[in-house]
Amino acid sequence: MEAILQVRDLEKVYGGRGSVTRALNGVSFDVRQGEYVGVMGASGSGKTTLLNCISTIDSATAGSIRIENTDVTSLKGGRLADFRCHKLGFIFQDYNLLDTMTAFENIALALTIAKRPPGEVERRAREVAAQLGVEDVLDKHPAQMSGGQRQRVAAARAIVTDPALVLADEPTGALDSKSARALLESFRHMVTELRSTILMVTHDPFSASYCDRILFIRDGRLFTELTRGADGRKAFFDKIIEVMAVLGGEAA
């Protein structure tokens, strides 16, 4: 299956003149189309830096990041902004919805920015909202929704432009267990039915157990990875816990 994301020998160094922090040190991996991959590691391991580099929020010191065969480390200015708009979807822990807009307007915004025809904007926004079970809150503002509804609206916004890659940063961190489970089930639907490709940073083994594969980062390096394969979610959860114990406790 085609690799949507190819990370090769990625390095990120902060500081200088005798005070250097090597946040990433030669990280390489692929993510295939339609795959749901989690990234775990202790605080300071480099997992957030990795996501920031892939999302183009931060720039790598060395190495390459290719998304659909485009080396994003070489993009600048308008080309980078255009790539981010059309090829990447983002889901954050704190939703990042615009409070003055309804759920429909939040979902449709990316399509409007991309200058899609009004009829397509209407159809696509409602279609994705229905797929993620938030069609009944489309006329509500974020303050009128539950945390779980806000996060599923954010997920709908992330996939409405059909991006090559969806990047999720601790998406269940602000949710109660029921809302977290509903969101994670929505992610599975996005992968299995909508063929979305998701890379998710999480500290939570329950959330990670919904993934197809987990990359464990330690001290800026890829420590190991787990593939779910034919395992049920409970068996995969137990394997994740075992790796976390080797890493030295909770991957926070």
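Contact here means heavy atoms within 4.5 Å. This is a predicted model, where local features need pLDDT of at least 70, side-chain atom pairs count only at pLDDT 80 or more, and totals for chains, interfaces and linings use all residues. Residues are numbered from 1 along each chain as its sequence is written, and side-chain values use heavy atoms, leaving out hydrogens and water.

Select Phe216 to begin. Not counting residues up to four places away in sequence, its contacts include Met40, Leu222, Ile240 and Leu247. Phe216 is also one of the residues that touch the most other members in the largest nonpolar core, which has 49 residues. Such a core is a set of buried (under 20% relative accessible area) Ala, Val, Leu, Ile, Met, Phe, Trp, Tyr and Cys residues joined through side-chain atoms within 4.5 Å. A second, separate core of 29 residues includes Val31 and Phe83.

Next, select helix 4, residues 118-131 (helices are DSSP runs of H or I, at least four residues, numbered from the N terminus). Which residue does Glu122 meet in a salt bridge? Its partner is Arg126, at 2.5 Å from N to O. A salt bridge puts a side-chain nitrogen of Lys or Arg within 4 Å of a carboxyl oxygen of Asp or Glu.

Finally, move to helix 8, residues 233-247. There, Lys234 forms a salt bridge with Asp238, with the closest N and O atoms 3.1 Å apart. Lys234 is exposed, at 57% relative accessible area (exposed means over 50%, with a 1.4 Å probe and protein chains only).

Technical notes
Helices (H or I, at least four residues) and strands (E, at least two) are DSSP runs, numbered from the N terminus.
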